[in-house]
Amino acid sequence: MSEPALPPLIEIIRRFGLEPRKSLGQNFLLDPRLTLKIAQATGNLAGINVVEIGPGPGGLTRALLEAGAARVVAVERDERCIAALAELAASYPGRLEIVAADALDLDAATLVPAPRRIIANLPYNIATPLLIGWLRQIGEWQALGLMFQKEVAERLVARPRTKAYGRLSVLTQWLTEADLAFDIPPGAFLPAPKVTSTVTVLRPRPQPLAPADFATLERITAAGFGQRRKMLRGSLKTLGVDALALCAAAGIEPTARAEELDIAQFCALARQVAG
């Protein structure tokens, strides 16, 4: 079946008055070659149900449908965009649903049946809390294809003893295999942000790298990296535990700093704290 003929995105933006709003973290990507590349970053979409966050005028939404996604649920909080997306839904009967909501308030996994993926050009101002929420239920997802500010994307794949290594590095790599797929320059967006963007693909591991409780590991990494220049014997005191005894039980030097620990060592600390 041939794809429907759709008007250029810039025409949609003008017709529906969709000037990007900084307060919503909006930067619209209009180049159909780039949106298709993002849509295909996680692989073949045939038979896959996709959740998209912050579709705006629908550039990536179009690409997801054109790439063969079985169904797309687009979550959008900007009321101005709903009518434009509804017009797109009419061109793809039964394949596009628009949910008018704040993505931070939703359990995204309930929006579509498995097999499911999240593919989104994330608003930078909520990208990190969204990611952590999805990591908590990573087993629900076949893959995540997400666009971040390049600096954030680099944190996701950073290794110990590097400046970018931190809480996001540990939580992400503990549960997923993360790859930086490609960069998108500022000039590709309307308006152009001040930073480069990076499309990142996260695939759930069959098992976490080491046993640990998510909430406890979150607390450990927040304490350790919250004062990353301090030795663990100092930074872990914020947990309300005997930091020296905790490190000894986990087999970790209390004079080490958080950035020196690998993921297995953080998990060892978390298991000791959880008891």
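**Figure 1. The lining of the second largest pocket.** The residues that line the second largest pocket divide into 6 nonpolar, 2 polar and 2 charged. In this count, Ala, Val, Leu, Ile, Met, Phe, Trp, Tyr, Cys and Pro are nonpolar, Asp, Glu, Lys and Arg are charged, and the others, Gly among them, are polar. The model is predicted: local features need pLDDT of at least 70 and side-chain atom pairs pLDDT 80 or more, while totals for chains, interfaces and linings use all residues. Residues are numbered from 1 along each chain as its sequence is written, and side-chain values use heavy atoms, without hydrogens and water. The lining consists of P8, L9, L30, P32, T35, L36, G59, R62, A63 and E66. Helices (H or I, at least four residues) and strands (E, at least two) are DSSP runs, numbered from the N terminus. The volume of the second largest pocket is about 160 Å³.

Figure 2. On a 1 Å grid over the protein atoms alone, a cavity is a set of points where a 1.4 Å probe fits but cannot get out, and a pocket is an open set with protein on both sides within 12 Å along at least five of seven lines; lining residues have an atom within 4 Å of a point. Grid points are joined across faces, edges and corners, and a volume is the space filled by probe spheres set on the points. The largest pocket has a volume of about 320 Å³. Of its 13 lining residues, K22, Q26, N27, P193 and K194 lie nearest the centre. The largest cavity holds about 400 Å³ of space. Its lining has 31 residues, with I53, G54, P55, N121 and P123 nearest the centre.

**Figure 3. The surroundings of N27.** N27 belongs to the loop between α1 (9-16) and β1 (28-29). Its side chain reaches the backbone oxygen of P191 at 3.0 Å. Neighbours within four places in sequence aside, N27 is in contact (heavy atoms within 4.5 Å) with N121, F189, L190, P191, A192 and P193.

Figure 4. β3 (71-76) and β4 pair in the parallel sense over 5 bridges, and V75 stands opposite V99 in β4.

Figure 5. Most residues other than glycine have a negative phi, and most peptide bonds are trans. A cis peptide bond joins A114 and P115, with omega about -5°; P115 lies in the loop between β4 and β5. The bond from L190 to P191 is also cis, with omega near -15°, and P191 is in the loop between β8 (189-190) and β9. R161, a residue other than glycine, has a positive phi near 70°.

Definitions and conventions. Pairing = 2+ DSSP bridges. Polar contact = N/O pair within 3.5 Å; in protein donor to acceptor, adjacent residues only side chain to side chain.
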